[in-house]
Amino acid sequence: RRSSDLLEQTIRQLDEALLFHAQEVRPRLQRVTALRRDVLRALRPFLDDRRLNRRDQKVLRTIMTEQLEEVLQESDSTDDELRALFTQLQGFDPTEFEQEAIQDARATMEAMFADLGLDIDLSGLHPGMSDEELAVNAAKMEEDVRRQTDEARARSRSGQRRTKREQRENERVRQVEAVRKDTIGAIYRRLAKVLHPDLERDAEIRRRKSALMQEVTAAYAHNDLHTLLRLELEWIHHAETDVARLTDEKLGAYNQLLKEQIAELEMALFELPGHPRYQPLLDASVPFGRGLPLDGPAEVRRLDFILAGLGDSLARLQTNAWQDVRELIRERRAASRVRY
């Protein structure tokens with residue numbers, strides 16, 4: 001129950017964060033990108049300004065390159081204006097850079113998977129992928145890794161002679177699989193048939209069954225498998241022979257099933273942030289978006305600060321561009337403490 005509740009709570013939190021992102025964060029990101037583009041347009045004529053010496057031109061190129069990289073994270077890399085500026089700053093087309101980066105990443109990942117004995121299809125990685133496509137590919141790779149790892153373990157176990165302990169384990173697995181076929185709905189129907197108070201003539205038993213039916217109904221509504229299994233053992237299997245042994249066996253199988261369900265819920269909880277639905281919330285600086293900042297208000301404050309700074313810079317560039325460019329270069333050299 002706790003794992004299930006935690007999963008539902010996390011989904012609600014992510015959905016709320018996604019709504020906040022759409023209403024508050026995304027519009028600010030778009031304004032930041034637009035202002036950065038305006039600043040780049042205002043700075044671009046000074047790239048070849050002869051009043052700047054080589055050291056100052058290098059600092060200006062560094063400043064513009066950093067701004068351009070931020071713009072490209074939020075813009076289409078096939079934008080002609082951005083491509084032309086990238087080529088002017090870096091000396092080569094951005095497509096070449098993207099292709100080399102993707103090839104290097106694929107080679108590194110292929111070598112890593114090969115060392116682990118895994119055959120993972122990386123053909124889906126290509127230049128120009130959107131964040132959504134990256135998230136989908138990352139999820140697929142995680143699933144392939146888990147599947148192949150499980151298959152390798154299964155092959156390893158099947159190739160060995162089974163000991164008595166392994167035979168007992170196989171029997172336990174068989175019992176668990178048999179229990180798995182009993183869905184919550186099936187257990188509920190069996191209990192409802194046995195505990196329905198209208199079928200009981202004895203007033204005291206009818207009162208007790210009425211209370212139990214309320215418990216059954218509540219457990220069914222909350223997907224509380226543990227309670228349903230307990231009531232099933234108490235009211236359906238009590239008449240069977242060798243009750244103690246039967247109960248131990250079934251309880252063992254039920255407990256194992258519950259453990260597996262908890263493990264599945266915990267895995268779902270771990271993988272949930274990487275779902276493509278929540279891609280806008282992913283931290284772009286973390287490979288495959290494994291970072292998930294949920295503090296939307298803090299992100300809004302950060303973006304508002306950036307917007308104020310960019311707006312001020314753009315206003316000064318539009319009124320006294322040359323002096324502001326010189327001041328921008330001086331501030332950058334002083335802040336970085338780098339001698340050009």
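1. Asp324 counts as buried, at 6% relative accessibility; buried means under 20% relative accessible area, exposed over 50%, and partly exposed in between, with a 1.4 Å probe and protein chains only. Asp324 lies in helix α12. Leaving aside neighbours within four places in sequence, Asp324 is in contact with Ser313, Arg316 and Leu317, where contact means heavy atoms within 4.5 Å.

2. On the basis of these notes: this is a predicted model, in which local features need pLDDT of at least 70, side-chain atom pairs count only at pLDDT 80 or more, and totals for chains, interfaces and linings use all residues. Residues are numbered from 1 along each chain as its sequence is written, and side-chain values use heavy atoms, with hydrogens and water left out.

3. The protein chain has 12 helices and 0 strands; helices (H or I, at least four residues) and strands (E, at least two) are DSSP runs, numbered from the N terminus. Of its 340 residues, 30% count as buried. Among contacts with a separation of 6 or more, 64% are between residues 24 or more positions apart. The accessible surface comes to about 22,000 Å², and carbon and sulfur atoms hold 51% of that surface; the areas come from the Shrake-Rupley method with a 1.4 Å probe, and for residues only the protein chains shown count as cover.

4. Which residues have the most contacts inside the largest nonpolar core? They are Leu43, Leu60, Met64, Leu68 and Leu85, in a core of 30 residues. A nonpolar core is a set of buried Ala, Val, Leu, Ile, Met, Phe, Trp, Tyr and Cys residues joined through side-chain atoms within 4.5 Å. At least two residues of this core come from each of α1 (2–43), α2 (54–74), α3 (80–90), α11 (296–319) and α12 (321–336). Beyond four places in sequence, Leu43 is in contact with Leu60, Met64, Leu317, Val325 and Leu328. A second, separate core has 13 residues, including Ala192, Leu195, Leu225 and Trp235.

5. Leu29 is found in helix α1 and is buried, with a relative accessible area of 15%. Not counting residues up to four places away in sequence, Leu29 touches His21, Glu74 and Leu303. Leu29 and Glu74 are 45 residues apart along the chain, and their C-alpha atoms are separated by 7.9 Å.

6. The buried residues of α3 include Leu82, Leu85, Phe86 and Leu89. These four are on the same side of α3 because they cover an arc of only 105° around the axis, the arc being that of the directions from the helix axis to the C-beta atoms. Just after α3, Gly91 takes a positive phi of about 90°.

7. Gly117 lies in the loop between α4 (94–115) and α5 (131–158). Is Gly117 buried or exposed? Gly117 counts as exposed, at 61% relative accessibility.

8. The mean pLDDT of the protein chain is 76, and 73% of its residues reach 70 or more; pLDDT is the predictor's confidence in each residue, from 0 to 100. Confidence is lowest in helix α6 (residues 164–180), at a mean of 60, and highest in α11, at 90. Over residues 239–246 the pLDDT is below 50, and this stretch has 4 contacts in the model beyond near neighbours in sequence.
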